[in-house]
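This report covers helix packing and the nonpolar core. The chain comes first.

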Amino acid sequence: MSPPAAGSRLPLVAIVGRPNVGKSTLFNRFAGMRRALVQDTPGVTRDRIAEEVEVAGRRVLVVDTAGLDPEAEAGLEAAVQFQARTAVEQADAILFVVDGRSGVLPPDEALARTLHRAAKPLLLAVNKVDLPSHEKFTAEFHRLGFERVRGVSAEHGTGAWDALEELVQEIPDLGAAPELALGVRVAVVGRPNVGKSSLVNRLAGEERVVVSEVPGTTRDAIDVRIESRDGVFTLIDTAGLRRPGRRDRLVERTSALVTVRNLERADAVLLVIDAHEGFTDQDAHIASLCRERGRATAVVANKWDLVELREGRAAELAGELRHGLRFMADAPILRVSARSGAGIGRVLATARALRDAGERRIATAELNRWLGATVARHEPAMAQRGQRKRPMKFFYATQTGVRPPTFVLFCTDPSSLQPAYRRFLENQLRGHFDLAGTPIRLRLRARTDRVAKRRGGRAEAGPGERDAAGEGD
């Protein structure tokens, strides 16, 4: 998530410090939920993430950063430090976190010299002051030369909100801060190292998230807000999902949980695959996860420029995609190169179309006209009743939800409907109402001819009536 434009943006508070002093724990305390990864391994946080919070009646963006390492020069560590320093440059105030139990260490002193030059409101939060007897920890840190030094406990919350409120009061008024439109929320998911962060950076027009050849670089979900000719979008760059059996480290397991949770807040999903490597079983697993969570999804075949260099590879990959995505054959497939920018122009427009499909509402009258015409054109198989076969009848349909579009169909015997005919109805519904790319939920409810006639053909739910709503979800 990036701050709004100057003049109408929210104040931004950056939480900075050397690795493993409790920055993410403090961020989670402010955010009110487990948005950042927390582990006793230095360097777990690799990207900046932001959360909007209210402090003493004022809305601010609190940003968690990777641990600042003044000595990082190259490779992944340098990229991480670039992200953290970018957050500091963009910040309106800085919450400098240190470890009270460790005392002042050389990295703290080096960071203090850098932060003194920032000329921005700053508060030094001495963390791990969990008991009144720990207040003595703060005394040593006064020699770093900051006016405001406060003892806090990120783990227990003691003094944390007081420190943040004191810091926010030092931020000058930035003018009116209207609600920041998130636009279309798009989760970018996929296996590690398929180019998710490169795609986000290409769409954003700047290096907003860490890109490295090291698999698993993104560990938190990063929100990047962008404005384009296709509208406003919030891209959610998520951690790469490995097979469950290969998540042998706590960080990877937690990242996977964060990715799943971020699917819940997305309007649409871009599943990024490495077209050069081909469509894998894990790609199919992630695709099925997106569909299970009811999210409209497009497949972004990244590194397509490498595919074009291999004769016959494009046709081979098309076959792999048809087979691997047979359970969601309606998903759009975009052929792009995040590195060169080829094909990127269609991505955001497709994401918006997916969002629209997932949130489309169909009038009841229009839906029932479709149902009548569809069933008349292709009637379901006869329902077996003892030694007799009875025709299956549909009486009424209504839409009950979106994301994904959910419909209730009233009929004589839901349990007798064949899976093939259910799929036929889903496909006809998707094609007729332009619902390509989004899952569809069909719920069937029982209704007898007698009840339907008594209610003039309207199949409204009644107490005690048979409900097969859970079938086929």
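Helix 12 (residues 364-377) packs against helix 13 (residues 419-432) at an angle of about 130°, with the axes 11 Å apart. Helix 12 is therefore oblique to helix 13, oblique being what is left after under 35 degrees (roughly parallel), over 145 (roughly antiparallel) and 65 to 115 (roughly perpendicular). Axes are lines fitted to C-alpha atoms over the stretch in contact, and angles run from 0 to 180 degrees between N-to-C directions. Helices are DSSP runs (H or I, at least four residues), as are strands (E, at least two).

The model is predicted: local features need pLDDT of at least 70, side-chain atom pairs count only at pLDDT 80 or more, and totals for chains, interfaces and linings use all residues. Residues are numbered from 1 along each chain, and side-chain values use heavy atoms, without hydrogens and water.

Helix 1 (residues 23-31) and helix 5 (residues 160-168) cross at roughly 80°, their axes coming within 10 Å. These two are therefore roughly perpendicular.

The largest nonpolar core has 26 residues. Such a core joins buried Ala, Val, Leu, Ile, Met, Phe, Trp, Tyr and Cys through side-chain atoms within 4.5 Å; buried means under 20% relative accessible area with a 1.4 Å probe, protein chains only. Helix 11 supplies the largest share, four residues. Leu270 is among those with the most contacts inside the core. Its partners include Val186, Leu199 and Val347.

Definitions and conventions:
Buried means under 20% relative accessible area, exposed over 50%, partly exposed in between (1.4 Å probe, protein chains only). Contact means heavy atoms within 4.5 Å. Lists of a residue's contacts leave out its neighbours within four places in sequence.
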